[in-house]
Protein chains: 4
Amino acid sequence: MIVVMKLSATGSEIERVEQRLEEMGFKSHLIHGVERIVIGAVGEKKIAFPTGLELLPGVEKVVPVMAPYKLVSREVREETSRVTVGDLVFGGESLVVCAGPCAVENEEQLVTIARRVKAAGAHILRGGAFKPRTSPYSFQGLEERGLAMLARAREETGMPVVTEVLNPQDGDMVARYSDILQVGARNMQNFPLLKELGQIGKPVLLKRGPAATIEEWLMAAEYILAEGNDAVILCERGIRTFEPATRNTLDISAVPLVKLWSHLPVIIDPCHSSGYWRLAMPLSMAAVAAGADGLMIEVHHRPEEALCDGPQSLTPANFQQLMRSVAQVAPVVGRCLVPPTGKRGGENEH
Amino acid sequence: MIVVMKLSATGSEIERVEQRLEEMGFKSHLIHGVERIVIGAVGEKKIAFPTGLELLPGVEKVVPVMAPYKLVSREVREETSRVTVGDLVFGGESLVVCAGPCAVENEEQLVTIARRVKAAGAHILRGGAFKPRTSPYSFQGLEERGLAMLARAREETGMPVVTEVLNPQDGDMVARYSDILQVGARNMQNFPLLKELGQIGKPVLLKRGPAATIEEWLMAAEYILAEGNDAVILCERGIRTFEPATRNTLDISAVPLVKLWSHLPVIIDPCHSSGYWRLAMPLSMAAVAAGADGLMIEVHHRPEEALCDGPQSLTPANFQQLMRSVAQVAPVVGRCLVPPTGKRGGENEH
Amino acid sequence: MIVVMKLSATGSEIERVEQRLEEMGFKSHLIHGVERIVIGAVGEKKIAFPTGLELLPGVEKVVPVMAPYKLVSREVREETSRVTVGDLVFGGESLVVCAGPCAVENEEQLVTIARRVKAAGAHILRGGAFKPRTSPYSFQGLEERGLAMLARAREETGMPVVTEVLNPQDGDMVARYSDILQVGARNMQNFPLLKELGQIGKPVLLKRGPAATIEEWLMAAEYILAEGNDAVILCERGIRTFEPATRNTLDISAVPLVKLWSHLPVIIDPCHSSGYWRLAMPLSMAAVAAGADGLMIEVHHRPEEALCDGPQSLTPANFQQLMRSVAQVAPVVGRCLVPPTGKRGGENEH
Amino acid sequence: MIVVMKLSATGSEIERVEQRLEEMGFKSHLIHGVERIVIGAVGEKKIAFPTGLELLPGVEKVVPVMAPYKLVSREVREETSRVTVGDLVFGGESLVVCAGPCAVENEEQLVTIARRVKAAGAHILRGGAFKPRTSPYSFQGLEERGLAMLARAREETGMPVVTEVLNPQDGDMVARYSDILQVGARNMQNFPLLKELGQIGKPVLLKRGPAATIEEWLMAAEYILAEGNDAVILCERGIRTFEPATRNTLDISAVPLVKLWSHLPVIIDPCHSSGYWRLAMPLSMAAVAAGADGLMIEVHHRPEEALCDGPQSLTPANFQQLMRSVAQVAPVVGRCLVPPTGKRGGENEH
C-alpha cells in the first residue's frame, strides 16, 4: 500500500501516518520526492486493508498495491483448477456446454428440450425453477415442482443438471436435486447466499453481475472458496453499458483476463449477454476462440411461446448448428468438444 | 404495444401475428405505412407483456407503449404517498434525515454518535448490523448483537432506527428491533427479500441498485407493494458509470423523475454515491434543491478509525454544519427541516 | 510514480527497471515488502510520464502518483479564476446565466427569444449557428448567416453572445461575431480546435464530453491554457450512462469536485443533460445549491416548432420562473443573481 | 412513428396532434386502446423526424418506428459492400490486416516495423502522423514529415497505408500520402471532418467513438455516404464502461449486429480496446470467429521505448504468432488469410 502525502503535508502529519501504520502492523518506508513525500507501507497480506488513512491530515490518497483476492488468484495456484461434475470436467481440454430452457415450464417441455440438446451434444441440462424477474407479474418459476422435473429429466437423459438458487434457505433443497448450484447475475453479491453455497460444497456456477468489475466478481468467488468450497465455475454473461442494441454487452475480454488473474474455469452465456438468439452463434464462436472453458445456451423448442426470454432462446435445430460450428473452432485453440457419454442417449436429431 | 413488421413481411406473416395477439387477449389494429405495416395491439393492462412475438416470421420489433409498473405509478395515485414512522412523515413538508455510522461497532460508539446526530437535528438513526462487504475478509457486522445495540440507542435517544436486512430469513428478527427495514443497493433485485419485506409490512427503505434503471427500481418497489405493503421510501445512492473520481455517480435527475412517475417519497444518500465526505454537503444541498424528501448521511465520531467506509463519513461537527445549511435551502423549495421531537434529547453540541 | 514488481521478479529485472528510470531522469527508491518489491520513482513533474515501463520483465504494474494536469490545477493557483466577459464575471459572487435557443433559426426568432430571456434576467445569449447533429439529414445550422443574426441580437439587447465553433478553420470567423467561443461536448477532445481557440485568446466555454472523465476534461482545458489562454469556463452537461430515462446523466458531483481540483469556473447545462425541459428547473436549483458558477439554458418561444431540441427547451415563461427560483437559492450558498446591466433592456414580461 | 397519448388526453388535444402531423406531411391512424389512444403516423422516410411533438398537450411520448440511417442500411442494399484498396478488398472472403506502430517516430523505426509486419502477413501499414493525445505535453506526432515517412515505407514495402486525419483542413494533404483516411474514435462525430472525407472520396476507416451507440456510429458513416463516398470501413475499438481492468470494453457483439443492420465491412482493433498486448491475440481470434472482416493491430519492435501506447503494442514476433493463429481460425468461419502480394517483400522473420 502506498500513501501519497499532500504537497503541504507537515513533518508531524507524516509522523502521525507512520505511527498509525505501525499500530496496524505495517512498516513504513518514506520516499522523498521532488515535490512530495510518498510512504510505502509493508505488511503481511493478511492484514486487513485499512480504510481510514485517507482521512489523516496531510494525506492526499492511498493506493493499494496488491489485488484483494487470495484463494482465487493464479499467484496462489498456478495451475488451472478443474471442477468435476460426474464424468465432466470444467477447465480441462474438453469444452463443457450447458443447454436448456430459461425456465422449467412443465415436464413435457423440459424432457423434450433435454433430449434434443443432448442429441446435439450438450453435456449439462440447464433450466430455472426459481426465476428472478424484473416484474412481480411475470412468471416466477415452478419452484420445488420445477426441481423435481429437472431431476426426472436427468434420469431420462443421464445429463447432470444446473439450476439457480435465489434464497439461501433454499440451498439445501436445491442441492438435493441439482448437480451444480447457480448464482444468478443479480445475486453475485448476495453474500449470505455465497456463504451458504460455500458451505454446501457442491459445484457453484457464479455468474458475473451486470455492474460488477472483474475484481469484484473474483471477490465474490473468494467468498465461496473462503468457506472451503473451491469448485467454482465463473460465467460471464454481459455487463450493463450505454449501448441499447443488446440487452447487455458481452465483455469478451473478461475471458483472457480471468485466465491471467485466476485459476478458476470460466464459461460464457451468449444468450443473456445479447438478449437475441441470432447473436448466440457468433458470440459462442468468439468465446471459444478467446479461450472460454464452455458455454451456457438457452434452447427452447417453441421460443415464441416460452414463458421467459424467448427472444434469446435457440431452437434445437439452431443449437445443433451452433454445436457443429463450435466443434470446428475448438481444435484451433487446442480444445475439443466431446459428446456426452451417458448411456441413456438423447433423441436423434434426424 | 406496437408490433413493427419487416419491409418484407408477407400477408400470411401479418395474419399469424394478428392471430397470436388474439390468442393472448389483444385486439390488433393495422396501420398501413408507406413502406411497412405496423400493428397496434390493444388490451387490458393486466394481460402479461408477451415475450415471444419478436420471433414470429416477418416481425421487426415490438415496442411497449405503457410503463410496466402499476401500483407505484402516479397515474394510479396522484397524491404523493406519506410514509409514517412514529411522529415522522416521509413525503410531507418536513424533510427527514437519517444519520449514523456505516456499521454498528459497539454500544459506546453507537450511542455517542446517536446523541451527536440527534443534537444536530437528525430524525432517524442509521447503522448496519449486517454488512454486505466486497471482501470476505472485511468486517461483516455484529449481526443480532448489533441490532440489540440499535434498540438500546433508540431507548437512549428516542430516535427510530433504520437498518439493513441481507437475508430474507432474518426479516422477522430485524423487524423486532428496527423501525424501518433497509434493502441495500446490492439487494434491490433480491426478490425473495422484497417479497418477505412486503409481507412483514413495516416501512421499507429501498436503495437503488448501482446498475438499475429508474424503471427497474420502481419495479422492485412494485414487488413490495404487490405484497400489500405500500410503506416504501426510495433512496437514490449513485449509479455505476465510467467516472472513477467518485465511488458512484449520484443521479440527481432521478429525484424529479421519480416524482413525475411515482407517488413514493424519495431520499438521497450523498455518502455512498460519492464515497467522499467532502462531497456530502454540496450533494445534500443539491438533493434538497432538486426536491428530495430527505437524506441519509453517514456520521462517525472518529472516521479515521471506522471499521467501514470511514472516508465517506462526516464528523458530528461537519454533520451539524450540513444540517444548518440544509435548513436554509429547504424553505426555498417549500420544505422545512423540523428538529426531532423526542423527549430524550441528544447531547448538546457545545 | 510507483512501479510494483511481480512476486517472481529477479534481481536483474529490478536492476533493469532502476536503470531505465535513471535514463529517463528519475531516481528510484526500493521498498522491500513482505512479498514483493515496490520501486518509488522520484522526478520533476515536467518529465513526461513513461508508457513502456509495464513492459519490462518482472513489472506487475505502474501507478501514477500525481494528477497529469498542471496549469488548471488548484495546487498551482489557489484562488478561483475569474473569467471576464464585458461587465460579467464567471467565478465571482454573482451567478452568470446564458440562455437562448438551441439553434439560430431566423432573425425574428432569435431577437424575440433574446428579448424575453434578457427580460427574465439572463446575462448572455446562446444560440447555435453551426449545429453538430447525429443525422446528416437534420438541420445543420445557418452558419455565417446565423452568426450575423447573433451579432444583431447583441446590438438589439446589449447581451454578449456565446456560440459553438465546430471547425478549427472557422475559429477566427466565429470570434469576429461572438464574445465566448463554445467547444461542444462532441469536440471536447478535438485537439486542433482546442489549440486554435487557445491561440485566438477569447473566452472559451468548454463542455464536458459525454464519455470524458473529469480528469480528461481538465486535460482538455489544459490544452487551451497551454496555448496561453486561461479564460476557460467549464460546463458540465451530463455523461453517458446505462440509464435511458434521461438523454444523459447530469454528474452533479462534478461541480464540487472540479472546485476542489481546479481553479476554473464551472457552470451547468441542465437541458442537454436531461433532454427534458421539466427537469431544467430542479436541476438548475441543484446545480446552484452544489456550487455552480452559472447556468446554460435552452429557451424557445415555440418549443414544439423548434428545429432542434424542442423537448428540452423552456418557454420564456417557464424560464422566468426558473430565474426567480434560482435567485432565491443563490443567497443560501453565498451567491447572488444580479440582473443584466445593459442599457438596451429586454422586453418586459408583463 | 407512434405517438402515445396520455391517459388524460382530451379530444381536442388528439385533434391538434393529428393536425400537426398532417402539416408535416404524415397521415395519422388512431388506435383506441382500452386505456388510451395511440396515433400511428405514416409518411415517407424522407420526411424529417419531428422533434416537437412530445411538447403538444396530451402527448405522453413519441416512439420512432424505423432506424434513422438509410444509405448504410442492409435494407437498402442487401449485399455486403466491398471496399477496394489496390489489390485488397475489405468485405470479401479474405481478411485484411492493418498493422504498424501507434505513432510514426522516425523513418528507421517505421521501415523496420513495416518490413516485419509485411513478412508476418500484414496487408496494410498503419501509423499515426497526427496523434490525438489526452495531454498537451505528450508527443503529438510528426505531422507532414510523418506522412512523408509513411509514403516512403509504402515505396519500400509495397504496402498501402492508413493514417488518421485530425483536422478537416488537412484532409487533402493526408489524402496525397495515404491510401485510407482514418477517422479516430474521438472524431467519430466530428461532422466537418466526416463531410470533408466524404468529398475527398478516398476509402475511409471510421472508428467507433468510445461512447457511441451502434446506431450513432452508422449515422456517422451515413454522413460520409451522403457526400457520395461509399468506401467506408467500420472499426470497432472498444467502448467506455465502468470496468477498469481494460482501457475500453471491446463490444464483440457489434460485429454481428453491424452485419445484420448494415452492408458495410467491419474490422476490430483489439489493441485500443484492451490497452494490453496480452489480450490482442485472444481478442483477434474472437473477432474473426465472430465474423469481422479484418483486424488493426499495433506493432512496435521496441514497445518499451514506444513514444505512444507501448503497453498495447505487440512485438513483431508476437504479431507473427497472432497471424498464424488467425490464419487457422479464418477457415472455420469461411474466411481466409491471404498473404500480401506486393513484389517488394518484407524481411523474412527467420
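At what angle do helix 6 (residues 214-226) and helix 7 (residues 254-261) of chain B pack? I will answer that in a moment, after the conventions.

This is a predicted model, in which local features need pLDDT of at least 70, side-chain atom pairs count only at pLDDT 80 or more, and totals for chains, interfaces and linings use all residues. Residues are numbered from 1 along each chain as its sequence is written, chains are lettered from A and ligands numbered from 1 in the order in which they are written, and side-chain values use heavy atoms, with hydrogens and water left out.

Helices (H or I, at least four residues) and strands (E, at least two) are DSSP runs, numbered from the N terminus.

Back to chain B. Helix 6 and helix 7 of chain B pack at an angle of about 55°, with their axes 11 Å apart. Axes here are lines fitted to C-alpha atoms, for helices over the stretch in contact, and angles run from 0 to 180 degrees between N-to-C directions. Helix 6 of chain B is therefore oblique to helix 7 of chain B. On that scale, angles under 35 degrees count as roughly parallel, over 145 as roughly antiparallel, 65 to 115 as roughly perpendicular, and the rest as oblique. The crossing of these two helices of chain B is right-handed; a crossing gets that name if the near helix is turned clockwise from the far one by less than a right angle, and left-handed if anticlockwise. On the helix 6 side of chain B, the contact is made by Ile214(B), Trp217(B) and Leu218(B), and on the helix 7 side by Ala254(B), Leu257(B), Val258(B) and Trp261(B). Contact means heavy atoms within 4.5 Å. By class, this contact has seven nonpolar, no polar and no charged residues. Ala, Val, Leu, Ile, Met, Phe, Trp, Tyr, Cys and Pro count as nonpolar, Asp, Glu, Lys and Arg as charged, and the others, Gly among them, as polar.

Next, chain A as a whole. Chain A has ten helices and 14 strands, and its C-alpha atoms fill a box of roughly 80 × 45 × 40 Å along the principal axes. Of the 350 residues in chain A, 64% are buried, where buried means under 20% relative accessible area, exposed over 50%, and partly exposed in between (1.4 Å probe, protein chains only). Taking contacts in chain A between residues at least 6 apart in sequence, 69% join residues at least 24 apart.

Helix 6 of chain A, residues 214-226, has 13 residues and reaches 18 Å from its first C-alpha to its last, close to the 18 Å expected at 1.5 Å a residue. The expected span is 1.5 Å times one less than the number of residues. This helix of chain A is mostly covered, with eleven of its 13 residues buried. Among them are Glu216(A), Trp217(A) and Glu222(A). The buried residues of helix 6 of chain A pack against helix 5 (191-200), strand 11 (204-207), strand 12 (232-236), helix 7 (254-261) and strand 13 (266-268) of chain A. After the helix comes Gly228(A), with a positive phi near 100°.

How far apart are the axes of helix 5 and helix 6 of chain A? They are 7 Å apart, and the helices pack at about 40°, so helix 5 and helix 6 of chain A are oblique to each other. Their crossing is right-handed. Helix 5 of chain A contributes Phe191(A), Leu194(A), Lys195(A) and Gly198(A), while helix 6 of chain A contributes Ala220(A), Tyr223(A) and Ile224(A). That contact divides into five nonpolar, one polar and one charged residues.

In chain C, helix 9 (residues 280-289) and helix 10 (residues 316-329) have axes that come within 10 Å and cross at roughly 25°. Helix 9 and helix 10 of chain C are therefore roughly parallel to each other. The contact includes Met281(C) and Met285(C) of helix 9 and Leu322(C) and Val326(C) of helix 10 of chain C. Its residues fall into eight nonpolar, three polar and no charged.

Finally, two residues of chain D. Thr249(D) sits in the loop between strand 12 (232-236) and helix 7 (254-261) of chain D. Thr249(D) counts as buried because its relative accessibility is 0%. Leaving aside neighbours within four places in sequence, the contacts of Thr249(D) include Ile239(A), Thr249(A) and Asp251(A).

Ile37(D) is in strand 3 (residues 37-42) of chain D, and at 14% relative accessibility Ile37(D) counts as buried.
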